[in-house]
Structures are given as C-alpha cells and as structure tokens.
Amino acid sequence: IVDCILARVGAGDSQVKGVSTFMAEMLETATILKTASKNSLIIIDELGRGTSTYDGFGLAWAISEYISTKIGCFCLFATHFHELTSLADSVSTVSNLHVTALTSDNKLTLLYKVKKGVCDQSFGIHVAELAHFPADVIEFARQKAQELEIFHKIGGAGEIDDTDEPSAKRRRLEVKEGEKLIDEYLQAIRSLPYKEMEWT
C-alpha cells in the first residue's frame, strides 16, 4: 500500500499558458520531488528529452539519484540514457530492468518481456525502419549514430579513453566482441574439409 502514486508520463504542453512540453515535464517532476514520501510510488518515463542530450542526462541522473537516495520510495524510472544504468553501480537500491527484443537481419522483434539487467543496445533506427522511413534516411542515421559513438569515446587528448566508459556500454562492446569471436569460430569450422577427413 502506498500513500500516493505520482506519475510523469507522456508529452503535453499548454501553449496558451506559455508552457512548453519540456517546461510541463519539469513542473510535473518538481511537484513529484516536493510531494513524494518514502511510502509513495513514483513512475517516470523518458525524463529529459526536451533539451540537449547533456542537460537531459544531467537532469535525469540528478532526479533519479535524488529519488533513490533522499526520498527512498519505490520508483519505476524508464530512460533512454544508457549511461544512467551505471547508477546501479553506486546506489545499492537501484536495479536495472529492460524489455527484451530480438534483432536479426536488420529486423526488430519486440518480445514484451521484462528481464533483469541492462539493455545492450538501442532500437530507435529499427523502429524507424518499421515506420517505413526511406532507406537513405535509415542508412544516414546509422552512419551518424556511429560517428557520435566514436566522438563520445574520444578523450581530451584526442585518444580513446575507455576508463570512464559506462558499464552498460562496456557490456555492449563485450557482447559484440564475443559475437565476433563466435562468428569467426563458426566460419573456421565451416571451412574444414569434412569430406577429406578420416573419422575413427
């Protein structure tokens, strides 16, 4: 039993009152932070989308950490910021869950199952494909996403800096490296001359 359910979900504005979508999001979140007690249930979906990536991430991190360490109530906090999942490494009451999906041959299959752990990739471009975006737009989006990931990895001296990389991104890279090793192994097995081998 909870004393109240406080939700910040969806996008809406009030142009007549001069309130943008992002301002509405901030006003609703401020009310949640001021109202919630340790016995409340908070539901927040995709906080920080209406501003720059860095501002949005900073706000999402600060708000989620405040809820988990100061308020201490149960909270469902859905986010598109993979980096935010590393909060679980420093706050013991935070747990990561993700909704499962499969990708194969550039196709996305949503499984609608919730599992423990961090999602190892984003599916935005896959969803754009499902919405029938032009192929040129999809390819350009993939190219720009890769460029941004490379840019994000570059340290101040212009070299790759893996030491501060979020654990979610590290796990995703480890999975990709593992998949590459498995593919190489399977190719090596397929290339063996089975017909010429002696079987005992």
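How do the residues of the lining of the second largest pocket divide into nonpolar, polar and charged? In this predicted model, local features need pLDDT of at least 70 and side-chain atom pairs count only at pLDDT 80 or more, while totals for chains, interfaces and linings use all residues. Residues are numbered from 1 along each chain as its sequence is written, and side-chain values use heavy atoms, leaving out hydrogens and water.

The lining comprises six nonpolar, four polar and one charged residue (Ala, Val, Leu, Ile, Met, Phe, Trp, Tyr, Cys and Pro count as nonpolar, Asp, Glu, Lys and Arg as charged, the others, Gly among them, as polar). Its members are H98, V99, T100, A101, L102, T103, V118, C119, D120, Q121 and F123. The pocket (an open set of points on a 1 Å grid over the protein atoms alone where a 1.4 Å probe fits, with protein on both sides within 12 Å along at least five of seven lines; lining residues have an atom within 4 Å of a point) holds about 170 Å³, the space filled by probe spheres set on the points, which are joined across faces, edges and corners.

Turning to the sheet, three strands form an open arrangement in the order β1-β2-β3, with parallel pairing (strands are DSSP runs of E, at least two residues, and helices of H or I, at least four, numbered from the N terminus; pairing takes at least two DSSP bridges). Its edges are β1 (5–8) and β3 (74–78), each pairing on one side only. Four bridges join β1 to the parallel strand β2 (residues 41–45), and L6 stands opposite I42 in β2. Helix α1 (residues 21–35) packs on the sheet, touching β1 and β2, with its direction at about 155° to that of β1. Helix α2 (residues 53–71) touches β2 and β3, at about 165° to β3 (contact: heavy atoms within 4.5 Å; angles run from 0 to 180 degrees between N-to-C directions of lines fitted to C-alpha atoms, for helices over the stretch in contact).
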